[in-house]
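I opened my notebook before looking at anything. These are my entries, in the order I made them.

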Amino acid sequence: MHVKQIDAEQTLILRHQVLWPEFPIAAVKLPQDENGWHFGAFVEAPPAMNDPIAVISLFLDPIPIDNTLANSEQNKTTHLPIPVPSTAAAVRFRKFACKESMQGQGVGTALLNYTMNFAHSHLNAHVFWCDARVSSMQWYKKRGLAQFGNRFFKGAVEYVRMKKDLSAIGPWFLTKAVFLSVHAQSAIIVFMDL
Ligand SMILES: CC(C)(COP(=O)(O)OP(=O)(O)OC[C@H]1O[C@@H](n2cnc3c(N)ncnc32)[C@H](O)[C@@H]1OP(=O)(O)O)[C@@H](O)C(=O)NCCC(=O)NCCS
């Protein structure tokens, strides 16, 4: 498997199939798409080697001010929360989807790691965040992301915000690297050419 940068158009089929199949495909296009970085994971062998098996998109987007305090006990004291300024070096990932038949084999983990590395080394990101489906919250937690803010809904789907501080990433993570992801069903080698 390898990961490469792709056009926004190439993400649309998986975005639609995996995330929002009940809506028209036009609904999964984002107005911000042309200002983002899009990545796909691909298998090496035909016949499907030109179709991504997983996709993700990155955008420069300030982290929302943590709204945890808004409904908490602390808000009932006389000390109102001080707004935390947003940082310019925040990268948001969106529309992360792995083809259903390829899920659970390490592809998503490899793609997330690749793009986190890209965000840190190429976009100078210090924080990597997303609106996560609550159904995937444990998946993200296992990969080092922490929940912040309150839960909310987009349509019928419940979300929570999650983030990872990238300033702690060491140089070992940033070198050109080949890493191996071993799962029950497969061993995936990801070539990182950053
Ligand atoms: C989330 C997603 C991108 C992960 O990709 P993936 O290739 O399936 O993930 P991986 O194979 O790398 O991870 C497999 C591991 O996650 C676990 N897992 C899979 N889905 C999970 C979930 N919803 N919650 C918790 N763990 C989950 C597997 O049991 C496996 O565990 P292990 O690491 O202990 O073996 C993919 O499952 C997907 O597209 N889901 C539907 C769309 C979605 O929810 N996207 C995220 C929107 S915020």
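What follows is a log of what I looked up.

**Entry 1: ground rules.** I noted that this is a predicted model, where local features need pLDDT of at least 70, side-chain atom pairs count only at pLDDT 80 or more, and totals for chains, interfaces and linings use all residues. Residues are numbered from 1 along each chain as its sequence is written.

**Entry 2: the overall plan.** I looked up the elements. The protein has three helices and nine strands. Helices (H or I, at least four residues) and strands (E, at least two) are DSSP runs, numbered from the N terminus. Along the sequence I read the pattern β-α-β-β-β-α-β-α-β-β-β-β.

Then I looked up burial. I call a residue buried if 20 or more other C-beta atoms lie within 10 Å of its own, exposed if 12 or fewer, and partly exposed in between, with C-beta atoms placed from the backbone. By that rule, 28% of the 194 residues count as buried.

Contacts came next. Two residues are in contact if their C-beta atoms, placed from the backbone, lie within 7 Å. Of the contacts with a separation of 6 or more, 71% join residues 24 or more positions apart.

**Entry 3: strand pairing.** Which strands pair with β3 in the antiparallel sense? I found β2, over five bridges, and β4, over six bridges. Two strands pair if DSSP finds at least two bridges between them. β1 (residues 2-6) and β2 are also antiparallel, again with five bridges. β4 and β5 run parallel and are joined by three bridges.

I wrote down one residue pair for each pairing:
- Lysine 4 has glycine 40 in β2 as its bridge partner.
- Tryptophan 37 has leucine 58 in β3 as its bridge partner.
- Serine 57 stands opposite arginine 94 in β4.
- Arginine 92 stands opposite tryptophan 129 in β5.

**Entry 4: strand β4.** I checked its cover. Eight of the nine residues of β4 are buried. Lysine 95 lies in this strand, β4. Lysine 95 counts as buried because it has 23 C-beta neighbours inside 10 Å. Its phi is positive, about 50 degrees, although lysine 95 is not a glycine. I noted the background: most residues other than glycine have a negative phi.

**Entry 5: helix α2.** I looked up its length. The 16 residues of α2 should span 22 Å at 1.5 Å a residue, and its end C-alpha atoms are 22 Å apart, which agrees. The expected span is 1.5 Å times one less than the number of residues. Buried residues of α2 include Val107, Leu111, Tyr114 and His120.

What follows α2? Asparagine 124 does, with a positive phi near 55 degrees. Asparagine 124 lies in the loop between α2 and β5. Is it buried or exposed? Asparagine 124 counts as exposed, because 12 C-beta neighbours lie inside 10 Å.

Entry 6: I followed alanine 54: beyond four places in sequence, its contacts include Ala41, Cys98, Val107 and Leu111.

**Entry 7: helix α1.** I found Leu14, Arg15 and His16 buried in α1. Their cover includes β3 (54-60) and β4.

**Entry 8: the ligand.** I counted 19 residues around the ligand, the closest being Cys98, Gln103, Gly108, Thr109 and Trp139. Near means that the C-beta atom, placed from the backbone, lies within 6 Å. α1 (12-19), β4 (90-98), α2 (107-122), β5 (127-133) and α3 (137-142) each supply at least two residues of this shell. The shell divides into eight nonpolar, 10 polar and one charged. In this count Ala, Val, Leu, Ile, Met, Phe, Trp, Tyr, Cys and Pro are nonpolar, Asp, Glu, Lys and Arg are charged, and the others, Gly among them, are polar.

**Entry 9: lysine 163.** I ended in strand β7 (residues 157-165), where lysine 163 sits. Lysine 163 counts as buried because 22 C-beta neighbours lie inside 10 Å. Its contacts beyond four places in sequence include Ile63, Phe128, Trp129 and Ala146.
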